[in-house]
Amino acid sequence: MSKLTPSKQDYLEAILDLSVQGAPVRSIDVANALGFSRASVSRAIGLLRADGFLLQQPYGGITLTDLGRREAIKVRRRHDLLKYYLIHILLVPEEIAEEDACRMEHGISPEAFEKLRRSIERQGEEVK
């Protein structure tokens, strides 16, 4: 299995987000969500499938494996917590917080993330 790069994390997060809508996730849906070409998405889907993060039947929907779902949820939690912190603690406008959280979610260490999470909880804040 190759390293889970920020780009691969973004794909997993997008697939997770699209899957909660209930309809089968298609490559074109991922391309539209991320603003990438269909060719780029097709290549990334192949790499993620080879690494065991997702399944896709020929010309079928994309589904996350248990491993893929766990990794996607980790990324989504980091994103949501960082965005919450930026908006509700630092008072950053939502549009900027969304973009910054996307960048920060890939670089924050597990230790710093855990301390940030605990800090927010100590303040009595509930992250949604």
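Before the first pair, a definition: helices here are DSSP runs of H or I, at least four residues, numbered from the N terminus. What you see on the screen is a predicted model.

With that, take helix α6, residues 110-122. Glutamate 114 and arginine 117 are 3 residues apart in this helix, so about one helical turn separates them. Their side chains form a salt bridge, with an N to O distance of 2.1 Å. How exposed are the two partners? Glutamate 114 has a relative accessible area of 24%, which makes this residue partly exposed. Arginine 117 is partly exposed as well, at 26%.

Salt bridges can also share partners, and here Glu13, Asp17, Arg76 and Asp80 are joined that way into one network. The structure has 12 salt bridges in total.

I'll take two more of them. In the first, glutamate 94 meets lysine 83, at 3.5 Å from N to O. Which parts does this pair tie together? Glutamate 94 belongs to helix α5, residues 94-104, and lysine 83 to helix α4, residues 66-89, so the bridge links parts that are 11 residues apart in sequence. As for accessibility, glutamate 94 is partly exposed at 47%. Lysine 83 has 19% relative accessibility and counts as buried, because the cut-off for buried is under 20%.

The accessibility values here are 19% for aspartate 29, which is buried, and 47% for arginine 26, which is partly exposed.

Aspartate 29 brings us to helix α2. Which residues of α2 are buried? They are Asp29, Val30 and Ala31. The cover over these buried residues includes α1, α3 and the strand β2, residues 62-64. After α2 comes glycine 35, with a positive phi, near 75°.

Next, aromatic pairs. How many does a search of the whole structure find? The search finds 1. The partners are tyrosine 11 and phenylalanine 36: their ring centres are 5.7 Å apart and their planes meet at 45°, so the pair is classed as tilted. Tyrosine 11 sits in helix α1, residues 6-19, while phenylalanine 36 sits in the loop between α2 (27-34) and α3 (38-50), so the pair ties together parts 25 residues apart in sequence. Tyrosine 11 is buried, with a relative accessible area of 3%. Phenylalanine 36 is partly exposed, at 38%.

Last item: arginine 78, which is located in helix α4. Arginine 78 is buried but has no salt bridge. Where is the nearest side chain of opposite charge? That is glutamate 71, 6.1 Å away. A salt bridge needs the nitrogen within 4 Å of a carboxyl oxygen, so at 6.1 Å glutamate 71 does not qualify as a partner for arginine 78. What does arginine 78 touch, leaving aside residues up to four places away in sequence? The contacts are Gln9, Glu105, Ile108 and Phe113.

Arginine 78 is buried with no salt bridge. That's what I have.

Key. Residues numbered from 1 in each chain as written. Predicted model: local features only at pLDDT ≥ 70, side-chain atom pairs only at ≥ 80, totals over all residues. Heavy atoms only, no water. Buried < 20%, exposed > 50% of the residue type's maximum accessible area, 1.4 Å probe, protein only. Helix = DSSP H or I, 4+ residues; strand = E, 2+ residues; numbered from the N terminus. Phe/Tyr/Trp six-rings, centres within 6.5 Å; stacked < 30°, edge-to-face > 60°. Contact = heavy atoms within 4.5 Å. Lys, Arg positive; Asp, Glu negative; His and termini not counted.
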